[in-house]
Amino acid sequence: MANMTCYHCGDDCGRDKVRFDERDFCCHGCKTVYEIFTSNGLSNFYEIEAKAGNTPKEVRSKYDFLDNQEIVEKLLEFNEEAIQVINLSIPSIHCSSCIWVLENLNRLHPAITNSQVDFPKKTLRVTYSSQDFSLKGLVLMLSSIGYEPYISLDEYDKKEKKKDRSLIYKLGVAGFAFGNVMLLSFPEYFEVEEFWLEQYKPVFRWLMFAFSLPVVFYASQDYFVSAYKGLRSKLLNIDVPIALGVLTLFLRSTVDIIFDLGSGFFDSLTGLIFFLLLGKFFQQRTYSFLSFERDYKSYFPIAVTRLNQDKSEENIQIYKVKVGDRLLIRSNEIIPVDCILIKGSAQIDYSFVTGESQAVFKESGEKLFAGGKQLSGLLEVEVLKSVSQSYLTQLWGNSVFSKDKASAFQTLTDSIGKRFTAGVLTIATLATLFWLVYEPSMALNVFTAVLIIACPCAIALAAPFTLGNMLRIFGRQKLYLKNTNVIERLAKIDTAIFDKTGTLTTTKKDAILYEGVELSSEEIALLKTTLRASNHPLSRSLYGILQSNAIMTLDEFQEHTGKGIEGRANQHSIKIGSAVYVGRDSVRTTADTAVYVSTDDDFKGRFVFKNSYRDGVSKVFQSLGSSMQIGVLSGDNDGERKQLQKILPVRTQMHFNQKPEDKLQHIEHLQKEHKVLMVGDGLNDAGALAQSDVGISVSEDINVFSPACDGILDASQFNKLSTFMELSKKSIQVIKMSFVLSLCYNVVGLYFAVTGQLQPVIAAILMPLSSISIVLFTTLMTNALGRKLNQPTN
């Protein structure tokens, strides 16, 4: 019989489908969501996009901390006269139907008066009456319809940063002035001698002067400040000749109109500033809805459950946890502090902290570290250290996290600009000395002309327009870089280091092999039925690959946390779990993750879980290996060494059982001779990502946790990593080609300037033409390069 798909979410219904209103649902949660929609007049949700819903998550008591009014006060944006406003992060917003549903929440609950979605940031702003509703009720309602909010310690601490719009204002002023000055300059360009134009020519010139004032003293002030700071530090940066050019243009033009010597160069002046600011706008462009500075606060809960002496439970802020407190840690909750296990059997996933993918089992009396996730069961723990003193928090105490990579890196523009500045000043000085000897009346004219025509506007525009456009192209292909400086650093990389678990491997699919005596169809049916009752990750993975559809009713089911599960049906039993649990005492040590099986206390074999590597991993390594050194740093054991050797280049160095500090130190050691790229995914890679010259975090979902990094790469685009790096290098080549083109303009202009032949019309043509041509050239070249990313990869 063909498998039915859920009407709400589109998942396979299996044999446990729920039939309601002549439609099939995979679970009661999806059926409930459907009922909510239809009973509130939202049934056309399914007409907008069929099966667009997300399967609701089980939240249980996950949001009990929202009963704490002190925490709620910190989260709310507005709270006056029974009206509350909250801005929530909703990572699962993905399409137009999501927006439509979330902006019609008032139909689901009368207390909600307004809800508005910010799609790029994936946030939802809700206004509601607190008399009939609460923040906890809102969060639970959103979770029940498949839009569970993401509330973390980072969100709790975060203060809204005011956006700096000064660049946009300056760009607007320069653009307005440039347009008007160009319009007023046309009669000068074409030497129109109409009477009324001649009559009002002085008025036009003084109007151009007036328009240039805010451009010089407001829009271009950053270049003067940067030039002053550079000279004070005895550095010749690219802003020195720009500032000199702007000042000379303004003073020379002002003198021209005062003494009626001409119309000046106000058109070139305003056009220069406009294009420079436009380039800076591209250069500063980044992805505001992504966070490149995430630390443990993005991973930790806001509040925890504390056990008081009278055994009552209390939700408290995580910062109020003290040494000696007793805490309850529920299934799938994060352990926020270093602690001692008092009650319960712990099964801890430390993959985000250590990189080790295999769960660690702990018994009462053993120590647990912050950052681990309890996979199943309830734990009672006693706090050993506060949040600020835990092992995980101390990872962020390293000075590497305060290092500014951008300021320590000399850009191509700065390195060329220093030489260009020295050259321009030398030419201006020599030309002036020459004319002082042969014709002193020309000296000042030549000096100002050289500074005007050699102003490096085209050079200053080449890098921001090239890299800004490439940043946009990379973003379209789901590589989100922090800024354009990262592309320049990426082009210099000669060594690439990769984490294994979660970076080279994917959690989307598992490779599972069976070793042992073949199971009968009845045994497979009993095995699958028993696995069906367990929520353990390995149980769910194994359940998904078993082919049997003969689900039976169990007479008895038991789950022994940290050991395994047992099922009984029709006088037969089956055990699945550790080797010792199923009665296999003498088993050779293995690095593989495995689940052992016995039926009627007779050992049958084991299912071995192999890491499944991302598509295109081998091709990426072969491509990168031809031009740079490759290495793997893994917190996991070396059970995958042979498998990795098959897909990696022969000389690839592999290091296993690496702690976070080991990874950081390894990167630091390599940086003594190399420029290093680090590619990782978890908290255990955070130090290495921060220490490396470029750190890229691979993420299955860019809107959830990723550590501090220079770029976030969507996991689906991992196979394009080598292409991204190749295009970074070609972007630098485009910039160098632009410099050559700009140099040609400057040589032509300098000839006229040095020989004293510079005419206003020549300057008016050369300066805007050089800027516009550079912008067009870089845009066309980068767009041509970007097409390579659209080509299918094998």
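Trainee: What is the strand order in the open sheet of four strands?
Mentor: The order is 3-4-6-5, and the pairing is antiparallel. Keep in mind that this is a predicted model.

Trainee: Which strands stand at the edges?
Mentor: Strand 3 (78-80) and strand 5 (112-118). Each has a single partner strand, so one side of each has no neighbour in the sheet.

Trainee: And how many degrees is the average twist from one strand to the next?
Mentor: The twist averages 15 degrees.

Trainee: Back to strand 3. How many bridges does strand 3 share with strand 4?
Mentor: Three bridges, in the antiparallel sense. Strand 4 covers residues 83-89. Phenylalanine 78 stands opposite valine 85 in strand 4.

Trainee: New topic. Is strand 21 largely enclosed or left open?
Mentor: Strand 21 (residues 572-577) is largely enclosed by the rest of the structure, because five of its six residues are buried. Buried here means under 20% relative accessible area.

Trainee: What does strand 21 pair with?
Mentor: Strand 20 (residues 564-569). They are antiparallel, over six bridges. Histidine 572 in strand 21 is the bridge partner of alanine 569.

Trainee: How many residues lie between strand 20 and strand 21?
Mentor: Two, and the two strands form a hairpin. Asparagine 570 in the turn has a positive phi of about 55 degrees.

Trainee: Now helices. Where does phenylalanine 434 lie?
Mentor: In helix 15, residues 412-438. Phenylalanine 434 is partly exposed, with a relative accessible area of 42%.

Trainee: Which residues form the nonpolar patch with Phe434?
Mentor: Leu430, Leu433, Leu436, Val437 and Tyr438. Together with Phe434 they have about 670 Å² of accessible area on the surface.

How values were computed
Residues are numbered from 1 along each chain as its sequence is written. This is a predicted model: local features need pLDDT of at least 70, side-chain atom pairs count only at pLDDT 80 or more; totals for chains, interfaces and linings use all residues. Side-chain values use heavy atoms; hydrogens and water are left out. Patches are made of residues with over 30% relative accessible area and no salt bridge: like charges are joined within 9 Å, nonpolar side chains (Val, Leu, Ile, Met, Phe, Trp, Tyr) within 5 Å. Accessible areas come from the Shrake-Rupley method with a 1.4 Å probe; for residues, only the protein chains shown count as cover. A salt bridge is a side-chain nitrogen of Lys or Arg within 4 Å of a carboxyl oxygen of Asp or Glu. Buried means under 20% relative accessible area, exposed over 50%, partly exposed in between (1.4 Å probe, protein chains only). Two strands pair if DSSP finds at least two bridges between them. Axes are lines fitted to C-alpha atoms, for helices over the stretch in contact, and angles run from 0 to 180 degrees between N-to-C directions.
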